[in-house]
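Work through these exercises with the structure in view. Try each task before you read its solution.

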Amino acid sequence: MNKEMNVRKTVPIMLLGILLSGTNAIYAETIKVGLIQPLSGSVAYNGVADVNGSKLAVKERNARGGVLGKQLELIIEDGECQPSKTVNAAEKLIQKDRVSIISGAFCSSATIAAMSVAQKYKVPLLSGVSSKSDLTERNNDWFFRTAETDGLLAHAFAEILVDQLKLKKIAYIGVNDDWGRGGMDEFSTQIEAMGGETVLKLYFDHGATDFYTMLTRVKAAKPDGVFVAAETQDGSILVKQMKEVGLQTQVFGVGSWATADFVELTGDASEGIHAAVPYAHTIDRPENLAFVQAYQQEYGELPGKYSVAGYNALSIIMDGIEQAGSSDPDQIRQALADVKYQGPNGLFEFNDKRQAFGFDAVLVQLRNGQPEIVAQAAVTAD
């Protein structure tokens, strides 16, 4: 008898708990957004820059009253640019933290892994960094990208590199991941189509510190230019060792070249390097002047391409939530497709594959530690 009474008491209490749980979800005090970036490992410089830009965007929006009358809560996870750890981070953000959308990841291979998690749980994933061209060709309705692709950068600037810089014989050096291989393939294809010649293609692993043997091979090939696909830590070591082995040739590439961190780590060896990037703090736009001022005030340093990538990604996410009128993941997904956002480097809108376009990319040359803009082009829809 007592056991039966206890069961009868327990069931209503359980139901009440479920109802209260649902009520709490509906009337949550904050809207939760997940962020996955590499905060450790060889690209931590860049991941931290993205996080800083993301946090600044959230801070500014919350100061203006938040989104849908609520404060936005940013929950940050370290994916280390590794697919398995990025999957774990995405699972945790979705199942434990109950985020409405995720910004990330960084390395294209890690983002590909996170895309399957987003699709599985039907939670939008927006990458402001991963630039491997085929990410938006994978028929994943839950994936959006606000980064430029390797192919679009190559299309925009290969002609300038060949015609104006007279780069005909090119050696290619890149990090051995999806992004590095993709960037090298896209630029070599475009440059070869314009009469350029590929003399070498060499790869290194994340976190490499000894490039001397590789650079000796490059020096022996006597190229007009060396294309490098590398981020801050790896790239700065590589460029300094170029100078040490006496490799005197033009250097250009993709990655975090036009950033204060890269210049500080590389020193005089950075002088004269060309880089194709979606952002430089020297872009002359009112939105960028305001962003640079706010970023310097917040962090005491100039922003770079990953700082603005995080800032833009979170700004677009918050606009999507506002436009959806809801923190429901599916409604956010539908609203994001129609967002038009004016950022520090131009107008962002999405094509039917959820790839952003319209914003500016720039070819810069590092002079006295500053990225001087050589050419500027809008990123097209295809």
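A residue counts as buried when its relative accessible area is under 20%, and as exposed when that area is over 50%. Keep in mind that this is a predicted model.

**Exercise 1.** Decide whether R354 is buried or exposed.

Solution. Start with the place: R354 sits in the loop between β12 (346-350) and β13 (356-367). Next, take its relative accessible area, which is 14%. The cut-off for buried is under 20%. R354 is therefore buried. Now check the backbone. R354 is not a glycine, yet its phi is positive, at about 65°.

**Exercise 2.** Find the loop that holds K122 and describe its phi.

Solution. Look between α4 and β4 (125-127): K122 lies in that loop. Then read the angle. Phi of K122 is near 60°, a positive value in a residue other than glycine.

**Exercise 3.** Which residues does the cis peptide bond join?

Solution. Go to the loop between β3 (101-103) and α4 (108-121), where A105 is placed. The cis bond joins G104 and A105. Its omega is about -5°.

**Exercise 4.** Explore the largest nonpolar core and name the residues that touch the most other members.

Solution. This core has 95 residues. Those that touch the most other members are I173, F187, F204, F227 and M242. Helix α11 (residues 305-324) gives the core its largest share, nine residues. Apart from this core lies another, of 26 residues, including A49 and Y306. Finally, zoom in on F204. Beyond its neighbours within four places in sequence, F204 has contacts that include I173, F211, M214 and L238.

Notes
Residues numbered from 1 in each chain as written. Predicted model: local features only at pLDDT ≥ 70, side-chain atom pairs only at ≥ 80, totals over all residues. Heavy atoms only, no water. Helix = DSSP H or I, 4+ residues; strand = E, 2+ residues; numbered from the N terminus. Buried < 20%, exposed > 50% of the residue type's maximum accessible area, 1.4 Å probe, protein only. Core = buried A, V, L, I, M, F, W, Y, C linked by side-chain atoms within 4.5 Å. Contact = heavy atoms within 4.5 Å.
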